[in-house]
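Good morning, everyone. Please have a look at the sequence and the structure on the screen, and then I will take you through some of the details.

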Amino acid sequence: MKVKIFFYILLCILVLVSCSKEDSFLVEGNITGLTQSAIYIVTTFGNETKVDTILSKDGKFEYVSSYDSVKPVVIYMEEKSVWITVWVQNGETVKISGNVNYPELIETTGNEINNLLTEFRQDNKEAIKERAAWHDKDHPQNSEWDRTIRQNVGQFIKEHPSSVASLVLMLDYLIDNENTQVLGDYLSLIESPAKEDPLYSRLNAAYNRLVQTSVGKPAPDFSMVDSKGDSLTLQSFKGAYLLLIFENSTCEACKNDYPALKKIYTEYNKKKIQLLSFVFDENSNIRKNISDEFDIKWQQVIDKYGLASPLLTLYNVDAIPDYYLIDKEGKIAASHVSIEKIQQLLKDYIK
C-alpha cells in the first residue's frame, strides 16, 4: 500500500512539473562583455507593463514568466543603454547569446521568429557591423550598408510574408522618412498570421504618420504658448518660411547646432523665415540658463511634457535635434534633415 502511495505522489509531481512547463516560458541568457550585472526584463500584459530586475553571473541569467501567445519581451542591459527584443510563448525555452557590444548580432533561438531573425542577422553580419560603425561616427543614414540591409530585408519579406519576423525587420530597418513608400509597399505584402499581430497595426499607424509628415503635405497644426506668454499656432507664421527646431536643453548635439541656427537667425530677413524651437524640458528653469548662455533670440516653446510630449508623435520625431522646414503656405518643404541640409535648402528657397 505504501508503495502505491509513493508512486501516486511521484506521478502527481511529474504532472505538475509538466503543467508548469506548459504554463510558462524560460529565457536563458549568456552575454559576454557585460560590465553591469543587473538585467531588466520588460513584459506587457494588456495595458499593464511589468519590469523585473534579475542579476546575471558571469553574463549568464535565467528568467521565467508566462505568455499564452507569441509576444515580445524586451531585455535591457548595461544600465538600460543596450536592449534586445525576443519573442516568447508558454512551453518554450528561448536562448540568447552574444556580445553586449553588438546587440544587433546577439543570437536568439527557440521558435520560428527568433530563429529567422538570427539567421537574417548572421547572413548580414558584416553589413550590420559596418552600418553600426558608420552611425557611431555620426555619418548620415542611407549609407551603402543601410541600402544593402534594406534590400535584403525586402527579399526576406518576400520569402516570409506570413512571419512576424518580417514585421520586426521592418521596424528595425524601414521606419524612417526616407523609406516611407518602401515601407508601404512591403506592408502590402504581409499575410496572415503576421497580419493579425499587433505589430502590424503599429507599423501601419507609423506608416500613416510618415505619409502625413512627408514633403509636400500640410504641416500638422499646433497650439502652444511661447516663453514670453504669446499663443502660437501654425497660422501665426503664414507668409514666411518657418524652421521648426525640436530639441532639449540637456542635448549636447542640439547645442552644437546653435552657431548655425544663430547664423540663420541673423542673416535672413525675419519676414522671409522665422525660427521656432520646441524645447522638451520638464524643468523650465534649465532653459533660461541655456538661453542666456547661448544668447538665443528666436522664439521658444517650453514643452513640460519633456520627451513624452504628444508633439513628438505628431511630427514623427524619434531623435533630437530634428528639423522641419515649412514653406509660406504651411506645407512641409523638408523634414528630418540635418542643420547642414537646412542651410543648403535656404540658399535655394530664400533669395
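Predicted model: local features only at pLDDT ≥ 70, side-chain atom pairs only at ≥ 80, totals over all residues.

Asp 172 pairs with Arg 121, and their closest N and O atoms are 2.9 Å apart. Where in the chain do Asp 172 and Arg 121 sit? Asp 172 is in helix H5 and Arg 121 is in helix H2, which covers residues 112-123. Is Arg 121 buried or exposed? Arg 121 counts as buried, at 12% relative accessibility. Asp 172 is partly exposed, with a relative accessible area of 36%.

As background, side chains of opposite charge can pair when their charged atoms come close.

The count of salt bridges here comes to six. I will show two others. Asp 52 bridges to Lys 50, with the closest N and O atoms 3.6 Å apart. In that pair, Asp 52 is buried at 19% relative accessible area, and Lys 50 is partly exposed at 38%. Next, Glu 252 forms a salt bridge with Lys 255, where the closest N and O atoms are 3.3 Å apart. Both of these residues lie in helix H8, residues 252-256, and they are three residues apart, about one turn of the helix. Lys 255 is buried, because its relative accessible area is 17% and the cut-off for buried is under 20%.

Now the chain as a whole. It has 12 helices and 15 strands. The C-alpha trace spans about 100 × 45 × 35 Å along its principal axes. Of the 351 residues, 44% count as buried. Among contacts with a separation of 6 or more, 59% are between residues 24 or more positions apart.

Helix H6 runs over residues 180-187, and its buried residues are Thr 180, Leu 183, Gly 184, Tyr 186 and Leu 187. Seen down the axis of H6, these fall within an arc of 170 degrees, so they line one face of the helix. What do the buried residues of H6 pack against? They pack against three helices: H4 (144-159), H5 (164-173) and H7 (198-212).

Helix H10 has Arg 287, Ile 290 and Ser 291 as its buried residues. Down the axis of H10 their arc is within 100 degrees, so here too the buried residues line one face of the helix. The other side of H10 has exposed residues, namely Asn 285, Lys 288, Asn 289, Asp 292 and Glu 293. The cover over the buried residues of H10 includes strand S11 (241-247), H8, helix H9 (258-267), strand S12 (273-279) and S13.

H10 also takes part in a pocket. The second largest pocket has a volume of about 310 Å³. It is lined by 15 residues, and those closest to its centre are Ser 227, Lys 228, Ser 291, Ile 296 and Gln 300. Which elements give two or more residues to this lining? They are helix H10 (284-294) and strand S13 (299-302). H10 supplies the largest share, five residues. Sorted by class, the lining has three nonpolar, five polar and seven charged residues.

Last, some details of the backbone. Most residues other than glycine have a negative phi, and most peptide bonds are trans. There are exceptions to point out. The peptide bond from Ser 192 to Pro 193 is cis, with omega near 5 degrees, and Pro 193 lies in the loop between H6 and H7. Another cis peptide bond joins Ile 320 and Pro 321, with omega about 0 degrees. Pro 321 is in the loop between helix H11 (310-314) and strand S14 (322-326).

For positive phi, look at Glu 79, where phi is near 55 degrees, and at Lys 80, where phi is near 70 degrees. Glu 79 is in the loop between strand S5 (71-77) and strand S6 (82-88), and Lys 80 is found in the loop between S5 and S6. Lys 80 is partly exposed, at a relative accessible area of 45%.

Thr 213 lies between H7 and strand S9 (223-225), and it counts as buried at 1% relative accessibility.

Note on methods
Residues numbered from 1 in each chain as written. Heavy atoms only, no water. 1 Å grid on protein atoms, 1.4 Å probe; cavity = no way out; pocket = protein on both sides within 12 Å on 5 of 7 lines; lining within 4 Å. Points joined across faces, edges and corners; volume = space filled by probe spheres on them. Helix = DSSP H or I, 4+ residues; strand = E, 2+ residues; numbered from the N terminus. Nonpolar A, V, L, I, M, F, W, Y, C, P; charged D, E, K, R; others polar. Buried < 20%, exposed > 50% of the residue type's maximum accessible area, 1.4 Å probe, protein only. Arc of directions from axis to C-beta. Contact = heavy atoms within 4.5 Å. Salt bridge = Lys/Arg side-chain N within 4 Å of Asp/Glu carboxyl O.
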